[in-house]
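Trainee: I have a model open and would like to learn how to read its features one at a time. Where do we begin?

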Amino acid sequence: MKKYILDLTVTANEHLREGYALLRLTDSRPLPPMLPGQFAELKVDGSETTFLRRPISINYVDEEKNEVWFLIHEVGDGTRKLGALGAGDKLNVVLPLGNGFTLPASPDEKVLLVGGGVGTAPLLYLGKRMAEAGNRLAFLLGGRSAGDLMQLELFRTLGDVYITTEDGSEGEKGFVTQHSVLRDGPRFDRIATCGPKPMMMAVARYAKAERIVCEVSLENMMACGLGACLCCVENTTDGHVCVCKEGPVFNTDRLLWQI
Amino acid sequence: MADLSVNIGGLELKNPVMTASGTFGYGLEFADFVNLEDIGGIIVKGTTLKPREGNPYPRMAETAQGMLNCVGLQNKGVDYFCEHIYPQIKDIRTNMIVNVSGSCCEDYAECAARIGELERIPAIELNISCPNVKQGGMAFGVTAEGASAVVRAVREAYKKTLIVKLSPNVTDIAGIARSVEDAGADAVSLINTLMGMAVDIEKRRPVLSIATGGLSGPAVKPVALRMVWQVAKAVKIPVVGLGGIMNARDAVEFLLAGASAVEIGTANFIDPAVTVKVARGIDEYLERHGCRSVREIIGALEE
């Protein structure tokens, strides 16, 4: 897919909770095609400590409004600068980067989308595209407590939503892999997951045991985002490959995870 | 428009802007952002005789005004390059230059000889300065004897333009440059990365998998500029300057300090279209100063 360097304009910045900014951006021209699971490299201006762009997954694409959304977890100075942008501000982005999740071959495939924390972000756009294709979707979303869960109302417009929290403040108490839907629900044909690595590994372990196709989205530390610098490599059945170019989405069969 | 062409040891560049090895892939990765033929030369990824998996992840740490990397020369080897990469890049109408590395003189020479057979590769850049591999690489570049030995071996095996990339991790870079010149190099490029380190205080561990890595980006520019200035006065062969160049102003600083051309590295990660902007900016500088050719400002520092 052709990649672009664009100066987008912020239409809105909404803090969904403390430290999590939802940036909505538009362009005077139609935004290029983007696939769910792909990401963008966002340029950070005015930071003394942040030098490189920040790779952020595509949270949602609203074709009608010509908007792309990014959910920014403010963890350092760079992401805090991004989270401080306001309506009308410009943001230089390089997109779309990497490869997205595999879309089901048939609308009959039952898909489970498992997200944890800010890792739920790419699942919203993925869910949208899968729902448009007619797939029956189940979202299994986890957090430490109820306040960690974001964009739930939007997920609920796309499919069934199952929730776990570690403190039991919403949904079932425990980790996503302990949710009863995995035991009592329908058999899923495909799993897509994004979140903390221990969570994705647990999901991958479940998928392997149940022989369900499983794709995960990795977020290794990146510099270029284009497959040039070879910094973000993951060890795979094909040796070291760039997460930015060959991923960030990988079928777990290709990874050398001990699961 | 001013005349931007320069000659680097027999190699004609349409403008003095090249890309630094390991920061621009094989050029193809950036084809959506720039017209590759508008770049004076593209120096592709470090290539070795045998495939190398490189160092384990993590390989990168962001630092103030720069970054550390310890990629460790990951590449699929010269055979793969000749069979699979070369056919994809040979028709790009600019100087496609291969960065060659190795762990002993014989490997360097054999790899260079293989590249020498490729009609559309007019030059190699010999990497005797990689700080991230245990054997070879920088080990050759930190002594005049080591540098001289490997350049002699390669010169014997390679007849086209030979650029030798120098390590800044030395006491007397001018002395190393002179030994490389005496051994038959057509040009030198400098600087490779400065050896550095980053620490994760929560884990109480080094950030990088092999503890140390090479520092690049604007943080190293003053060091690079000083070394280019020293080397340009010490040798007769052309000097290619690199180290933290982010824009045309930085590039002009290197040209004034004595570089005949520049390489852009880490800046490609911040702005994938920076190379052509730098070339354009150099032209604007020349116009502003009434210069008809970029060659008028090479080494034109008034002291």
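Mentor: Begin with one residue pair: B:A61 stands opposite B:L68 in strand 6 of chain B. Strands (E, at least two residues) and helices (H or I, at least four) are DSSP runs, numbered from the N terminus. This is a predicted model, in which local features need pLDDT of at least 70 and side-chain atom pairs count only at pLDDT 80 or more, while totals for chains, interfaces and linings use all residues. Residues are numbered from 1 along each chain as its sequence is written, and chains are lettered from A and ligands numbered from 1 in the order in which they are written.

Trainee: Over how many bridges do strand 5 and strand 6 of chain B pair?

Mentor: Two strands pair if DSSP finds at least two bridges between them. Strand 5 and strand 6 of chain B have four bridges, in the antiparallel sense.

Trainee: In what order do the four strands of the open sheet in chain B run?

Mentor: The order is 5-6-14-11, with antiparallel pairing. Strand 5 and strand 11 of chain B are at the edges with a single partner strand each, so one side of each has no neighbour in the sheet. On average, neighbouring strands of this sheet are turned by 35° against each other, direction ignored.

Trainee: What is known about phi at B:Q65?

Mentor: B:Q65 has a positive phi, near 55°, and is not a glycine. The residue sits in the loop between strand 5 (60-63) and strand 6 (66-69) of chain B. Burial is a count of other C-beta atoms, placed from the backbone, within 10 Å of a residue's own: 20 or more is buried, 12 or fewer exposed, and in between partly exposed. B:Q65 is partly exposed because it has 17 C-beta neighbours inside 10 Å.

Trainee: Is A:L230 buried or exposed?

Mentor: A:L230 is buried, because 27 other C-beta atoms lie within 10 Å. A:L230 also has a positive phi, about 65°, although it is not a glycine, and its loop runs between strand 13 (213-217) and strand 14 of chain A.

Trainee: How is the packing of two helices described?

Mentor: By the angle between their axes and the distance between the axes. Axes are lines fitted to C-alpha atoms, for helices over the stretch in contact, and angles run from 0 to 180 degrees between N-to-C directions. Helix 7 (residues 248-256) and helix 9 (residues 274-288) of chain B pack at about 65°, with axes 8 Å apart. These two helices of chain B are therefore roughly perpendicular, a term for angles of 65 to 115 degrees.

Trainee: Which residues make the contact?

Mentor: Residues are in contact if their C-beta atoms, placed from the backbone, lie within 7 Å. Helix 7 of chain B contributes B:A248, B:A251 and B:V252, and helix 9 of chain B contributes B:V278, B:G281, B:I282 and B:Y285.

Trainee: How many residues of chain A are in contact with chain B?

Mentor: 22 residues of chain A are in contact with 28 residues of chain B. On the chain A side, strand 14 (233-236) and strand 15 (239-242) each supply at least two residues.

How values were computed. Contact = placed C-beta atoms within 7 Å. Parallel < 35°, antiparallel > 145°, perpendicular 65-115°, else oblique.
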